[in-house]
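User: Please take a close look at the interface for me, then walk through the packing and backbone details that go with it. I'd like the cut-offs spelled out as you go.

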Amino acid sequence: MPSVSMTVNGKAVSGDVEGRTLLVEFLREKLRLTGTHVGCDTSQCGACVVHVDGESVKACTMLAAQADGAEVMTIEGLAQGDKLHPMQEAFRENHGLQCGFCTPGMIMSAVDLARNNPDPSEKEIRDWLEGNICRCTGYHNIVKSIKAGAEAMRG
Amino acid sequence: MTDQGIGASVRRKEDLRFIKGRGKYTDDIVLQDMSYAAIVRSPHAHAKINRIDTSAARAAPGVVGVLTADDFAAFGGLPCGWQVTGKNEQPMIEPKHPILAEGKVRHVGDPVAVVIAESRAQARDAAELVEIDYEPLPAVVDMRSALEDGASVHDEAGDNLCYDWELGDREAVEAAFRKADHVTTLELINNRLVPNAMEPRCAIGDFDDASGEHTLYTSSQNPHVIRLLMGAFVLQIPEHKLRVYSPDVGGGFGSKIYHYAEEAIVTVAAKVLGRPVKWTSDRTEAFISDAHGRDHVTKVELAMDKEGRFLALREQTLANMGAYLSTFAPSIPTYLHATLLAGQYTTPAILAEVKAVFTNTVPVDAYRGAGRPEATYLLERVIDLAADEMGMDPVEIRRKNFIQPDQFPYATPVALTYDTGDYEATLTAALKAADWDGFEARREEAKRKGKLRGIGIACYIEACGIAPSNIAGALGARAGLYECATVRVNPTGSIQVMTGSHSHGQGHETTFAQVVADRLGIGLDQIDIVHGDTNKIPFGMGTYGSRSIAVGGAALSNACDKIVNKATKIAAHLMEASADDVVFENGSFKVTGTDKQVAFGDVALTAYVPHNYPLDELEPGLEETAFYDPKNFTFPAGTYVCEVEIEPQTGAVEIVSFHASDDFGNVINPMIVEGQVHGGLAQGIGQALLENTVYDNEGQLVSGTYMDYCMPRAYNFPNFTVDHQVTACTHNPLGVKGCGEAGAIGSPPAVINAIVDALKDYGVSHIDMPATPAKIWRIVNGGMAAAAE
């Protein structure tokens with residue numbers, strides 16, 4: 001069984017995995033970081049989005065072994081202690097979530113968008129969310145949250 | 001308290017854990033020594049099981065047990081919670097719904113065997129090794145042919161008919177049709193949908209052999225109902241030996257109401273194996289094991305006089321039950337559908353004829369709106385078609401037939417009595433917000449750009465909070481439909497509320513706390529809402545059918561009244577006044593006409609530290625429970641306006657604007673209510689444009705993953721605009737109605753009416769949902785006749 005090592009939310013971790021173990025399984029089951037969710041089997045829903053070396057990645061599309069040596073950030077690592085990330089705060093302020101299941105993936109995806117496109121238009125936000133499904137909010141307040149979150153990240 | 005009480009858009013108390021990744025969903029729970037179940041499901045729609053060989057699976061690495069139907073022989077099948085009686089007092093046919101298939105499989109996904117192993121992966125690997133000798137049988141897939149020449153899904157229902165039911169005055173309807181000046185006829189389908197809550201279902205069984213107590217962790221909308229159904233009917237164990245706990249639940253939309261086989265499987269398996277057993281659905285499995293929604297084929301006729309006044313309405317509907325009767329399935333096309341056929345109108349005579357049909361497909365049950373979207377869709381579609389045939393404006397024909405504000409309470413010919421409403425008000429607000437009058441100019445502008453533009457309207461009514469229990473019982477419900485709340489005031493004045501409602505995205509931890517804050521003058525951060533655990537809550541019927549605030553909130557309000565009543569007596573004693581002279585205002589008890597007062601917290605402390613206390617008159621403590629059984633349904637209503645633009649070269653529909661004007665009665669948290677409307681709209685628009693559940697002729701589910709079933713994405717929608725008018729409900733203490741399903745009820749006809757309007761130059765009178773680009777392209781490029789081929 002191969003062993004993998006990576007940095008997750010700033011902490012060095014390692015563990016034995018099967019070759020087929022997905023990154024999301026490693027995070028959820030070995031590290032007990034259950035904020036990253038699994039909503040489908042076909043990489044369509046985006047509930048499992050995390051950052052790998054600073055870019056958003058669907059953790060169900062990547063093997064744990066492929067993340068060997070990488071810097072991984074999950075939703076649990078986004079806030080700085082008690083201080084929420086501006087995107088988290090924006091989702092909270094704008095009612096950008098209901099059941100909360102897709103929310104971690106949405107926020108991780110949104111942070112990546114805002115880093116690459118600090119002032120995204122509504123259309124750009126909606127297009128960016130092609131890979132994230134929400135069944136509760138009708139996206140209306142998610143789009144609003146991301147617009148506000150991106151603005152807050154600009155400072 | 002106006003900044004946080006009833007009517008305030010306070011941000012949600014529950015959000016912090018979700019945005020930090022600290023939500024606790026069932027699959028996040030890990031118990032000591034836990035094992036994992038994988039379920040072997042039928043690949044056939046209909047087949048005999050000749051033999052099951054589990055030996056290879058049992059020998060596979062990590063496997064700790066393999067169970068088949070024989071292991072469940074001592075238990076009952078999954079019960080159906082609603083008995084519908086058909087015409088001539090004919091009871092419905094209720095075939096056994098086994099936990100695991102007994103000798104026959106009846107739909108793709110029917111569970112046949114369960115493999116339990118040390119890890120999820122090992123369980124799945126070993127499940128592949130279970131050898132099942134199937135003998136395929138002809139599959140019954142299409143409802144229309146199922147009743148005529150189909151094979152039988154169940155021996156007990158040789159003609160595949162579950163029930164043949166009707167509601168209404170047949171003679172009055174036939175007489176009205178005879179004297180009508182015009183009859184509009186429309187045949188339509190209400191497409192089958194897959195609910196697709198983002199959290200796949202999950203269940204963990206645990207058994208404590210010392211106490212003899214079972215625990216079931218399950219992603220459910222109503223844990224007490226699951227305890228009742230599984231305890232009493234399946235396992236036949238006393239309720240106090242079964243704890244059902246539903247922690248955070250990632251959406252339900254109806255699909256997590258029902259008692260499913262997997263819940264019984266893990267509960268039984270945990271006892272057999274002596275260790276916890278977890279089953280987590282994957283998405284593909286969810287498509288073939290979660291109950292589906294809708295699936296009606298309908299012919300509707302509307303009879304009118306020459307001025308367009310509705311004289312009578314008649315529908316004939318075939319409703320798909322799928323292969324087995326899911327928990328509430330029989331009630332959906334009957335009592336939750338046909339009773340809504342009056343809509344907002346004064347149609348004097350209505351007849352609904354509904355045949356429920358068994359097919360070799362996944363069971364169908366309530367999905368957001370449950371029967372009411374199907375009623376609104378056929379009604380609002382046939383009205384638009386009638387207006388077109390009569391040369392009338394679609395708004396005017398509706399106005400002419402509205403129930404007027406001074407006609408309430410209004411008894412419809414289909415068994416309901418509406419308490420309040422002002423349909424003209426929501427219509428007027430919607431037309432103004434959508435700039436209905438400016439539409440023709442926008443249509444001309446679109447034409448210049450080569451686009452086809454259309455506008456559509458739909459006026460819906462909903463009946464929320466099924467009630468009262470004695471009426472529901474008379475109609476076949478096998479459970480009461482009240483709700484329960486306990487308000488526990490702690491010695492230092494903080495409050496815990498145990499509610500029988502269940503929140504799976506609706507924000508109850510906030511809105512319910514707002515009700516308490518309003519009633520007791522306590523800050524929101526001093527109030528915790530506890531739900532979802534049968535060991536903590538006295539009882540509860542859960543959350544579905546937009547019942548939570550109208551029934552659960554009303555129970556909570558009544559429990560708060562009891563608290564104030566008792567606390568007033570304690571306060572009167574403390575102030576040496578008569579309780580009749582004490583009033584409760586802004587968190588303090590005051591003696592009228594004096595400056596004497598005592599704070600709520602001091603009264604709470606006195607109740608628990610009863611040193612200066614009227615022990616001969618009152619018990620110590622400050623905790624009250626209320627069970628609330630509503631006198632009637634509540635009746636939210638509204639008008640939705642949809643404007644679309646169609647690209648004729650591709651057939652693609654863009655929703656350029658969508659406006660919703662609703663009347664939900666009094667509103668606790670406008671921000672949360674708007675969010676509920678947005679979500680409902682997205683599901684309704686998804687049904688109208690994108691979502692469809694497709695079976696092939698052999699009963700294989702073709703749309704079985706997110707790659708085949710078109711889930712709505714952010715770019716499919718505009719920003720919605722919403723507003724609300726208020727006519728308060730007259731029979732619950734909060735004056736509230738219900739908002740959760742409205743969006744999904746009113747939006748499909750609004751969208752289809754808009755598309756038909758956009759395509760009117762092509763001779764289009766109707767287009768079935770989903771109105772995909774391919775369908776529209778064929779109409780634009782070949783007309784209706786070509787599209788039908």
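Analyst: Happy to! Chain A and chain B bury about 4,400 Å² between them, and carbon and sulfur atoms give 52% of that area. Buried area here is the accessible area (1.4 Å probe) that two parts lose on being put together, summed over both. The size of an interface is often given in just this way, as the accessible area lost when the parts come together.

A word on the ground rules. This is a predicted model, in which local features need pLDDT of at least 70 and side-chain atom pairs count only at pLDDT 80 or more, while totals for chains, interfaces and linings use all residues. Residues are numbered from 1 along each chain as its sequence is written, chains are lettered from A and ligands numbered from 1 in the order in which they are written, and side-chain values use heavy atoms, with hydrogens and water left out.

Back to the interface: chain A puts 47 residues into the contact and chain B puts in 53, where contact means heavy atoms within 4.5 Å. Between the two chains there are 7 salt bridges, each a side-chain nitrogen of Lys or Arg within 4 Å of a carboxyl oxygen of Asp or Glu. A:R28 and B:D28 form a salt bridge, with 2.7 Å between their closest N and O atoms.

On the chain A side, the elements giving two or more residues are α1 (23-30), α2 (86-93), α3 (103-116), α4 (122-128) and α5 (140-154). Helices (H or I, at least four residues) and strands (E, at least two) are DSSP runs, numbered from the N terminus. The largest share of this side, 5 residues, comes from α2(A). By type, the side of chain A that touches chain B has 15 nonpolar, 17 polar and 15 charged residues; Ala, Val, Leu, Ile, Met, Phe, Trp, Tyr, Cys and Pro count as nonpolar, Asp, Glu, Lys and Arg as charged, and the others, Gly among them, as polar.

Now the packing. A nonpolar core is a set of buried Ala, Val, Leu, Ile, Met, Phe, Trp, Tyr and Cys residues joined through side-chain atoms within 4.5 Å. Buried means under 20% relative accessible area, exposed over 50%, and partly exposed in between (1.4 Å probe, protein chains only). The largest such core has 186 residues, and A:F91, B:Y418, B:F658 and B:I755 touch the most other members. A second, separate core of 49 residues includes B:A550, B:M575, B:F589 and B:A607. B:F589 is also touched by B:T568, a residue of helix α15 (548-574) of chain B that counts as buried because its relative accessibility is 12%.

Finally, the backbone. A:R32, in the loop between α1 and β3 (49-52) of chain A, has a positive phi of about 60° although it is not a glycine; at 37% relative accessible area, A:R32 is partly exposed. B:N160 likewise is not a glycine, yet has a positive phi of about 65°, but B:N160 is buried, at 0% relative accessibility. The peptide bond from B:F408 to B:P409 is cis, with omega near -5°, and a cis bond also joins B:A467 and B:P468, with omega about -20°.

Conventions:
Lists of a residue's contacts leave out its neighbours within four places in sequence.
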